[in-house]
Structure formats: C-alpha cells, structure tokens
Amino acid sequence: MEGNDKFEYLEMPEDIYLVYQKDGITSKDLDVLVRYWTRKDGKFAETVQEIAKSHGIASSKVSVWLDRLSVSVTLGREELTCINCGVAPEIRNRSDYQRCGSRVSMKLDKDGFCKECASKHKPLDPSGKWVLGHLTRTQLDELVEAYYSQEDCAKLVQSYEINLNPVEFAKDLNCTMKYGKCRHCSESYSDVALSQGEYCEGVTERHVICTKCEHQARVDIERYGTPQDQNYGLSFVAVEYTTIKGMPQCECKQCKAERNRDPKNRRQIILNTYKQPKVLVDIQDLSLHQIVCLLGMLWSRTSEDNPDILLSSNIERMPLTPGDHNKWDWMRLLTKESVIYVDAEKSPLNAFEEEDISSYFMSRVVYALNVTLNQETACEPAELLSALVDKFRKGFWQSRWTEELLPVWKDIGVDESIAYVEERAEHYNLDIPNQDKLREIFLGLLDDFSVAEIWYMISVAYMNAAAFSKTKACNSKSHATNIIPSKIVNLAKQPRSKIKSWGRIKNLPQSAVTQALFDIILPSENDAGFNHIPRQTWKKLLNKHLARNADHSQQIFMERYPLAPDEVLRELAEEYGDWRIDTLVEYAIAARARLNSND
C-alpha cells in the first residue's frame, strides 16, 4: 500500500488499483471492498453472495453499497491505458471488469490514444487533402495563436512544414474556426478564418450556410481579447436575415416552415402561389371525361346556399366516384387543364402543407371554376350546372365525344367493380388482389357483362376464398386472396343462364359521375350504367340522346347516307345538263351548309 497526505493507493491482484481518501472509509467498508475486488487463479476469490452473507446485507444491495463509497477503482493493464496521458479505465463493479477486456470498451484508437489525446496530439488528417492535416490539434492551436499574434506567415509556413502560399494562409484555416451554432439544428457554422488584417481591425462579419440544414445567417465577429484567450479572443453573434433590412429571406426548409406558420404570412404566400388562370376554358373544348367529372362534381356538391366547390365527405350528397380510391385521378382531369383551380382566398390555411404550400390536401381546399359559356367571364357553379343540364336535355353533344363514350362508361364500370372488391374484402376479412390485374380482368369482362353481373362474380369468388381460407389446404390469407382473380375469370366462362345479377348495396350507392353520365347526359332508366352491358348498349343510348336534338337527327341521317363533296355534285349536274338536277344539287349544298353552321 502506498499513499500521500490525502489518499491511499492499494494495488490488488491482476492490475486492479484502489484509491480512497484517508479517514474517508471505515475498516469494515475497506474489508468488504478488498474482498469484493480480490481475484485468485483468474477469477474473483469470493462470490457476492458470500461477501454479503458475512456482513449481514442482501447480495442485491452490494453494488449500491459500493457506489456510496468515495473510492476510485481502475484497471491498470498496459493495453488499456492511453499511451499519451496514462489514464487507465475506471471500473465500478465486476461487470465493468468483464467488459474491459479490449480497447473498444475503453474507446482507445488503434494507436493506443484516448479520444481526447488523439484530438490534441495526433495529426488531424494525415492521409487527407487538407494542407494542415499533418498537424495535431495542439500544434494547430499554437499556429493560429502565432498567426493572430502577427508573426510572419512565410516563417510559419516554413516552421510547420505547410505546403501552401502564405497569401492563402487564412483560407486554409477554415476548419479551425467555428462561428457559433445554427439555431435550427445546433450544427456549428464554419467559414474562412479571419485574416491578420481583419483580426487587427477587430470587427468583421461572415455570411454562413449551415452544412446540415442549409440555414443562412450573418455572423458578426468582434475581437475582445488576445489570441491566447478562448476562441482566440473572438466573439461570434449570429444575426438572422429576417432582421437585416434589404437581405433576402432564408430559403431553408425550417425558415420556410416558420413563415408558413404565421397566419398573415401564410395567407399571402398562398395568394402568391395559387392564382386564377389567365385563360378561360370554353365548355366546347372539354373532353367527355372532363364533362362527366365536372358535371358530377357540380351535381353532388354545390347549391344556391353553398356556392363553394368542396370535396369534403361531410357535405357531399353522394360520393363523386365509386369509392375513394380513384377520386383524385378524376379530379386531376380538371385541375391539370385548369378547368377548376384552388381558390386561394376561400381555402382554409390548414388545407396546405405546413412546410410546402405548393402541396395541398384535395379534400380541404375550395375550388373555383375557370369555365366560360360566353368566352368572356367564368361561370358560377349554380349557373354552369343549370346551363349544362339544360343543354343536355336538348341533345347537346360534341361529335368527338362519340369515341370517348364507351371508354368512359367502362372506366366507371371498372371503378365500381374495384369498389365492390374492397367492400367484399373487408366483409370477409381478406386482402385485395393486385389491382392492376383486377382492372385488366374487369375491363375485358365489360365487353360481355354488366357491372351487376360482375358484382355477382366478385361476391361468389370472395365467398369461395373465405371458405378456402378455413381449410387445411390454405397456407395463409394471401393464399386465399390469390385465388380470387382466377375464380372470377372461371365464373365468366359459365353458360349465360347461370350468370346472375346483383343489386346495389347501401354502402355503395350511385356515384355522382354515374348519375351525370346516365341520368343527365344520356336519357336512360333503371340504372343503365350498372345493369346494362356497355359494348352492347352504348350506341343505343347515344342515338336516343341525339334524337332529342333535331339537328343531330339530321346529322345522323347524313352520316348514314353521305353526300358527295359540293364540287363533285356540281360536276354531276353539269354532266347531265338537266335543270331539275341543278335544283336538287343546290338544295343539297344549301342543306349541308345549314347543318354545318348549326354544328
């Protein structure tokens, strides 16, 4: 045992050292301490239970009892001791002793330095490209102090074996200067170090960018002391751009979010981001898909009392589309072509993403119409709805819509089928098969079956899958789900007499786009879009609609019995030289001109 005036040092077997204050520990405590740490033949001489029993304490209390003693216990093995400072690992209990079997537990590097000594006494970047990387932290601090003490740069470069032009000295000290911390992420700012001239002047500034979050700020630097003081006698104060007159706003993500959270600021940003389109959309230029979606949206969600266009489920009279899975795909047909746009003044602030106002929640914003009937002003929702209903009752139709009718009908039919799949999956607690595969199947079936008949096939397929899931042959819920598509296809191959038709259910009523197409645009009855076969029925429904317009009826006749071009008719009249044929030709040409002008 060794000691001095205040402490006693006790060396135990296997390099365990106890250090305790004189008169700070009783003989009983010292006896327990020695017995606890004594090792013999590669293991501890006594168990904790034996020591506890001899002193009348619970074995679980021994570690707590040791913690209250003013004793330092270290493991003095050479391979665990820092080669520079000589500090050995401190251990508190036997578990610590077991863990201290390698340098990893002591966080010594491969050269035997502890972390603190490595930062001070090892080259900072010996294999890197930094010209000062061969210096230790201690040497670098000495170099910076000498530099700011106005020593000659050429001599410093030579003394510290630095391979650089003395004129560029300050630029390469950038890794040594930390200009305060970013207020968002607490990352230290770094930038080009002060030159000797700036240091002597005592006041300067740096515009810095956080390397972690890209926050921008100005750092005001002032010298208050000498190069030997902390931070070489420099103080750093970060100044935010928002407080500097004429300085542009910081565009980092966090600053944008802060500005967006301010109500006045947020509203102004929304107004600047979402503006009314400069060009109005003529109703004549819309596709059938767009007309169906627009009419459905107006039909289900607007009224004289509430002219705003909202897509919130708590105000809808009916769903816009069959199920919610594809509602936004339909809406994008309108927003992409600026048929409707976000009303920046009426939309609530929470309708937009907090950190990125250019993104919004489609179910929260208020939409405004950008459609015109007179090529001059945009329509109000109620006005447009009334005008469209009136036009379609009189047989309004664009010839290019004819090719779109069957695809639009089938799109609605596929969506209604997918919606029923989702309902049946929830009912039977099964999964939904691959939707792309299902869409392909339903698209093909709609050539020969109605949606009502496809619902029957879906229902039977899920019923069979649910029964299969309870058998030993079924490996998992996914296994049961995977048989559904093939079962639907097989059911469709049955004799027609065995195919049944299902009716609508309360959970899946008619959607607004369905009513728009089959109740407003086309004159149909008995839920034709659901109960009729698209490919077999679409032409009949279209012709019935066109018959409501006399001009369209004549047009259909002309398309069935087309006339030759005007020039050919005149040549024919000249060839026969008969005044009666001349008269008929002129009548035909005049009739066609009138039809074309009305179209």
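Two strands are taken to pair if DSSP finds at least two bridges between them. Helices (H or I, at least four residues) and strands (E, at least two) are DSSP runs, numbered from the N terminus. The model is a predicted one, in which local features need pLDDT of at least 70, side-chain atom pairs count only at pLDDT 80 or more, and totals for chains, interfaces and linings use all residues. Residues are numbered from 1 along each chain as its sequence is written, and side-chain values use heavy atoms, with hydrogens and water left out.

An open sheet is formed by 3 strands in the order β9-β10-β11, with antiparallel pairing. Its edge strands are β9 (203-209) and β11 (234-240), each of which pairs on one side only. From one strand to the next, the twist averages 25°. Strand β10 (residues 216-223) runs antiparallel to β9 and is joined to β9 by 7 bridges. Among the bridged residues, I209 has Q216 of β10 as its partner.

A hairpin is built from β7 and β8, with 6 residues between them. Strand β7 (residues 178-181) pairs with strand β8 (residues 188-190) in the antiparallel sense over 2 bridges. K178 has S190 in β8 as its bridge partner. In the turn, S186 has a positive phi of about 65°.

Two helix pairs were examined. Axes are lines fitted to C-alpha atoms, for helices over the stretch in contact, and angles run from 0 to 180 degrees between N-to-C directions. Helix α1 (residues 27-37) packs on helix α2 (residues 48-55) at an angle of about 165°, with the axes 10 Å apart. The two helices α1 and α2 are therefore roughly antiparallel (angles under 35 degrees count as roughly parallel, over 145 as roughly antiparallel, 65 to 115 as roughly perpendicular and the rest as oblique). The crossing of α1 and α2 is right-handed (the near helix is turned clockwise from the far one by less than a right angle). K28, D31, V32, R35 and Y36 of α1 contact V48, E50, I51, S54 and H55 of α2 (heavy atoms within 4.5 Å). This contact of α1 with α2 comprises 4 nonpolar, 2 polar and 4 charged residues (Ala, Val, Leu, Ile, Met, Phe, Trp, Tyr, Cys and Pro count as nonpolar, Asp, Glu, Lys and Arg as charged, and the others, Gly among them, as polar).

Helix α15 (residues 402-428) and helix α16 (residues 435-445) pack at about 130°, their axes 9 Å apart. That angle makes α15 oblique to α16. Their crossing is right-handed.
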